[in-house]
Amino acid sequence: MNEVMRNERKFLLPLDEYYRLSSYFSKFLIQDEHNGRDGYTVRSLYFDTPYERDFYEKEDGVETRRKIRLRIYSPKDSFGVLEMKQKQGTNQLKRSLRIFREDAEKLAQGRYDVLLKYSEDFAAECFGVMQMHAYQPKSIIEYRRKAFIAKENRIRLTFDHHITASESNTHIFSENPGMNSVCDPYLVVFEVKYNGFLLSYIRDAINYCEKSETSVSKYCLGRSVSLHYLF
């Protein structure tokens, strides 16, 4: 089980600004080992309650809230990563657990009892929460991500673009889940994730972007059709 507590800030950038900042940060920061020329693929299956509690708590800006998702990076992956993100004031607590592919496939079908085979307390907690609140698989979100890392303060910068979603297919390992664009392909979500203070050259870049700071959620974008979310 992996656990990290950090601050997060989000910005919405035009594509040309993404290329400028990506080039700038590549001079100072470590590139994620999975980065290709334009990043790598991230696919997540999000879960929510029958009354869409997590969606509406995000929309309403509730101070303490959570999201539960199952993440992979390729339909051929032999594993999935179950994650729970909890917002606590200005901080985000993210906990994750790597599980076998066959168990991830069962989770995607709403069979949460597979978590009971894992010894980690986090697995039992997820099982309890998802059973008690009757969580259901809701939407697959997929996008391209380019990421940079600074060792100081565990700073991580990510650029997410070409965001697509499917609410009709929750089979996360599907080769073609029928994704539809839910965000302008010429816009990029830039996220800054850090503990403590920011390095000066990163802070300066953020100050330049402040006019475009946003609270946009890729999960909420992915529910745009059924829940009429407007970007």
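Author: What covers the buried residues of H5 includes strand S1 (2-14), helix H1 (15-25), strand S8 (155-166), strand S10 (187-194) and strand S11 (213-214). Helices (H or I, at least four residues) and strands (E, at least two) are DSSP runs, numbered from the N terminus. This is a predicted model, in which local features need pLDDT of at least 70 and side-chain atom pairs count only at pLDDT 80 or more, while totals for chains, interfaces and linings use all residues. Residues are numbered from 1 along each chain as its sequence is written, and side-chain values use heavy atoms, with hydrogens and water left out.

H5 spans residues 200-209, and its buried residues are Ile202, Ala205, Ile206 and Cys209. Buried means under 20% relative accessible area, exposed over 50% and partly exposed in between (1.4 Å probe, protein chains only). These four residues of H5 cover an arc of only 100 degrees around the axis, which puts them on the same side of H5. The arc is that of the directions from the helix axis to the C-beta atoms. An α-helix has 3.6 residues a turn, so residues three or four places apart point the same way.

H1 packs against H5 at an angle of about 170 degrees, with the axes 12 Å apart. That angle makes H1 roughly antiparallel to H5, a label for angles over 145 degrees. On the H1 side, Glu17, Arg20, Leu21, Tyr24 and Phe25 meet Tyr201, Ile202, Ala205, Tyr208 and Cys209 in H5; contact means heavy atoms within 4.5 Å. The residues of this contact divide into 8 nonpolar, no polar and 2 charged.

How values were computed. Axes are lines fitted to C-alpha atoms, for helices over the stretch in contact, and angles run from 0 to 180 degrees between N-to-C directions. Angles under 35 degrees count as roughly parallel, over 145 as roughly antiparallel, 65 to 115 as roughly perpendicular and the rest as oblique. Ala, Val, Leu, Ile, Met, Phe, Trp, Tyr, Cys and Pro count as nonpolar, Asp, Glu, Lys and Arg as charged, and the others, Gly among them, as polar.
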